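Could you walk me through this model in my viewer, one selection at a time? I would like to know what to pick next and what I will find there.

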2 protein chains.
Amino acid sequence: VLPERLSRLVRWLTKLPGVGEKTAQRYALYIVADTTDYGRRLSEELAQVAAQLRPCERCGHVADLEDGKDPVLCSICRDNKRDSSTLCVVARIQDLIAIERSGAMRGRYFVLGKLLSPLEGIGPDDLPVATLSRRIAEEKVQEVVIATPPSVDGEATALYLARELAATGVRISRIASGVPHGGDLEFADEITLGRAIDGRKALSG
Amino acid sequence: VLPERLSRLVRWLTKLPGVGEKTAQRYALYIVADTTDYGRRLSEELAQVAAQLRPCERCGHVADLEDGKDPVLCSICRDNKRDSSTLCVVARIQDLIAIERSGAMRGRYFVLGKLLSPLEGIGPDDLPVATLSRRIAEEKVQEVVIATPPSVDGEATALYLARELAATGVRISRIASGVPHGGDLEFADEITLGRAIDGRKALSG
């Protein structure tokens, strides 16, 4: 009942993360119903991104080929004003973006791209530890800030990395976990509250 | 922190229904990380859909320009084996697709594109009643099956259409509402159960 062209677009859209058949159909039908040239323009933006953007060869963030190839580097890795002695390890590019927005990290990044996850079959050998170690040595990193999320997989990955990197002699730290800013203690779960208490800091004395 | 090209794609993606900033970013980053030419191919499918598909000028379903223009008609409106005496009125193309999948409708369709909704500011004047009446007259329709959803807006629209179309003398029916196939009475809400009882059918006698 749908034109083959539309069914094909729906099938391609379902490859996007978290997009099922119904959502893909909704997107496709929205594009057909639109009268403002939306579909053509979205297609052009997509083509540009596909042609011009690549993962940064150093950190895994997004890099633009227009800024130079060989090696392909992102704007953060190109920025000489960044503190190269601090390396922040994150699970995903989204986490890197969130940390950048906070303005609290002046060093560079390393995107793991995955976390240890027995359920998804991701084991220690799947983590890019060798690449990370090489960067620590080459760039004379003095502190590695492990900013994986405070979830089961994120904590397991942090502990594993800390153990594996111990031999490099670099200082290793972990981002703090506790009650979030503006958060209500009444509604915080027990693990979060436990971490808030365990990680308490002296205010005086 | 993101290349301008990527931010632009994210902005375009947020125009899709139900897609916010974070979801759009997730889609965009997935496309950049992909190594199977996904972005380029999705872009091409999109361009084709944008160039070749249009709403059917008769019923509002999706039509392919390749099947002929002037008028632009969908495969259902082109199909001479369809029973043109029955016209099924639906709110959205998705509903038409669902009914087609059931195989229970042999007539043609009319897509309203909207429902009466005081909350969204959609009033009687926004419904294409004149176009619908014209089709009933021109195609000698004998029965209009109103298949708007059994929600508050859907029911209001069904009642409004029934009243407006009364003058045409056409038979007007409404799809049945009740406990769905495989559904559990214990978990059905009161309105559904009430409708199931009110709409009961004689099995014998």
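Start by selecting A:R40 and A:E44, whose side chains meet in a salt bridge with N to O at 2.6 Å; the term covers a side-chain nitrogen of Lys or Arg within 4 Å of a carboxyl oxygen of Asp or Glu. The two residues are 4 apart in helix α3 (residues 38-52) of chain A, so about one helical turn separates them. Helices here are DSSP runs of H or I with at least four residues, strands are runs of E with at least two, and both are numbered from the N terminus. A:R40 is partly exposed at 38% relative accessible area, and A:E44 is partly exposed at 43%. For these labels, buried means under 20% relative accessible area, exposed over 50%, and partly exposed in between, with a 1.4 Å probe and protein chains only.

A word on what you are viewing: this is a predicted model, where local features need pLDDT of at least 70 and side-chain atom pairs count only at pLDDT 80 or more, while totals for chains, interfaces and linings use all residues. Residues are numbered from 1 along each chain as its sequence is written, chains are lettered from A and ligands numbered from 1 in the order in which they are written, and side-chain values use heavy atoms, leaving out hydrogens and water.

Next, select A:R5, B:D64 and B:E66, which salt bridges with shared partners join into one network. A:R5 pairs with B:D64 at 3.1 Å between the closest N and O atoms, and with B:E66 at 3.2 Å, N to O. A:R5 is buried at 11% relative accessibility, and B:D64 is buried at 9%.

Now pick A:R8 and B:E45, another salt bridge at 3.1 Å, N to O. This pair joins two chains, because A:R8 lies in helix α1 of chain A and B:E45 in helix α3 of chain B. Between chain B and chain A the count is 6 salt bridges, and over all chains it comes to 24.

Colour the whole interface next. How many residues does each chain bring to the contact? Chain B gives 49 and chain A gives 49, where contact means heavy atoms within 4.5 Å. About 5,000 Å² is buried between the chains, with carbon and sulfur atoms giving 69%; this is the accessible area (1.4 Å probe) that two parts lose on being put together, summed over both. B:V1, B:R5 and B:W12 supply 16% of the area that chain B buries against chain A, more than any other three residues.

Then select A:L13, which touches A:V19, A:A24, A:Y27, A:A28, B:Y38 and B:L42, leaving aside residues up to four places away in sequence. A:L13 is among the members with the most contacts to other members in the largest nonpolar core, which has 79 residues. Such a core is a set of buried Ala, Val, Leu, Ile, Met, Phe, Trp, Tyr and Cys residues joined through side-chain atoms within 4.5 Å.

Finish in the loop between β2 (62-64) and α4 (75-78) of chain A, where A:P71 sits. The peptide bond from A:D70 to A:P71 is cis, with omega near -5°. A:D70 has a positive phi of about 55° although it is not a glycine, and counts as exposed at 74% relative accessibility. In chain B, a cis bond joins B:D70 and B:P71, with omega about -5°.
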